[in-house]
Amino acid sequence: ISISSAAERKLKEDILQENSILKLHYDTEGCGCGLDGIPELILIQKNELTTYDRIIDTNCLPVAIENSQFIFFDDQLTIDYAKDTDTFQLKSPSQILNNSISIRKQP
């Protein structure tokens with residue numbers, strides 16, 4: 001996973017808080033089947049990580065992913081930020097997985 005400079009700047013200035021981490025999640029709730037879903041980014045507290053989560057070192061910030069969800073993502077991913085729409089994007093060399101991601105805070 002790599003994080004663009006625009007995404008890094010937005011995350012560090014406006015999103016991330018002390019003791020928080022960004023988690024890449026594949027949301028299948030309400031999508032009909034366990035293989036249908038949408039990628040999302042969730043802001044969680046580091047103490048909410050479980051033994052099922054793996055921390056991925058990126059070019060600038062760590063990102064958590066649940067072990068069972070790796071199958072839903074390409075090997076090479078980029079998290080980018082579009083200032084004009086104030087949203088994040090998740091891309092791979094072969095596709096755009098989600099072009100309009102808002103970061104959800106874990107309740």
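What you have here is a predicted model, where local features need pLDDT of at least 70 and side-chain atom pairs count only at pLDDT 80 or more, while totals for chains, interfaces and linings use all residues. Residues are numbered from 1 along each chain as its sequence is written, and side-chain values use heavy atoms, with hydrogens and water left out. The chain has one helix and nine strands; helices (H or I, at least four residues) and strands (E, at least two) are DSSP runs, numbered from the N terminus.

**Confidence**

- The mean pLDDT of the protein chain is 87, and 90% of its residues reach 70 or more; pLDDT is the predictor's confidence in each residue, from 0 to 100.

**Overall layout**

- Reading from the N terminus, the elements go β-α-β-β-β-β-β-β-β-β.
- Of the 107 residues, 39% count as buried, which here is under 20% relative accessible area, with exposed being over 50% and partly exposed in between (1.4 Å probe, protein chains only).
- Take the contacts between residues at least 6 apart in sequence: 52% of them join residues at least 24 apart. Contact means heavy atoms within 4.5 Å.
- The protein chain exposes about 6,400 Å², and carbon and sulfur atoms supply 46% of that. Accessible areas come from the Shrake-Rupley method with a 1.4 Å probe; for residues, only the protein chains shown count as cover.

**The four-stranded sheet**

- β1, β6, β7 and β8 make an open sheet in the order β1-β6-β7-β8, with mixed pairing. Two strands pair if DSSP finds at least two bridges between them.
- The edges belong to β1 and β8, each of which pairs on one side only.
- β1 and β6 pair in the parallel sense over two bridges, and I3 stands opposite I79 in β6.
- β6 and β7 run antiparallel and are joined by five bridges. Along this pairing, T78 sits opposite K91 in β7, and Y81 has F88 as its bridge partner.
- The β6 and β7 hairpin has four residues between the strands, and D86 in the turn has a positive phi of about 55 degrees.
- β7 and β8 are also antiparallel, held by three bridges, and a hairpin of four residues joins them. F88 stands opposite I101 in β8.
- β6 is mostly covered, with four of its five residues buried.

**The five-stranded sheet**

- The other open sheet runs in the order β4-β5-β2-β3-β9, again with mixed pairing.
- β4 (53–56) and β9 stand at its edges with a single partner strand each, so one side of each is left without a neighbour in the sheet.
- On average, neighbouring strands of this sheet are turned by 35 degrees against each other, direction ignored.
- Four bridges join β4 to β5, which run antiparallel; R54 has I65 in β5 as its bridge partner.

**The helix and L11**

- α1 lies across β1, β6 and β7, running at about 70 degrees to β6. Axes are lines fitted to C-alpha atoms, for helices over the stretch in contact, and angles run from 0 to 180 degrees between N-to-C directions.
- L11 is found in α1 and is buried, with a relative accessible area of 0%.
- Not counting residues up to four places away in sequence, L11 touches I3, L16, L22, L61, F88 and I103.
- The C-alpha atoms of L11 and L22, eleven residues apart along the chain, are separated by 9.0 Å.

**The nonpolar core**

- The largest nonpolar core has 22 residues, and those with the most contacts inside it are L11, L24, L41, I79, F88, L90 and I103. Such a core is a set of buried Ala, Val, Leu, Ile, Met, Phe, Trp, Tyr and Cys residues joined through side-chain atoms within 4.5 Å.
- Two or more residues come from each of α1 (5–15), β2 (20–27), β3 (38–45), β5 (63–66), β6 (78–82), β7 (87–91) and β8 (96–101).
- L24 touches I1, E40, L41, V63, A64, I65, Q69, F73, L77 and L90, leaving aside residues up to four places away in sequence.
- In soluble globular proteins, nonpolar side chains tend to be buried together.
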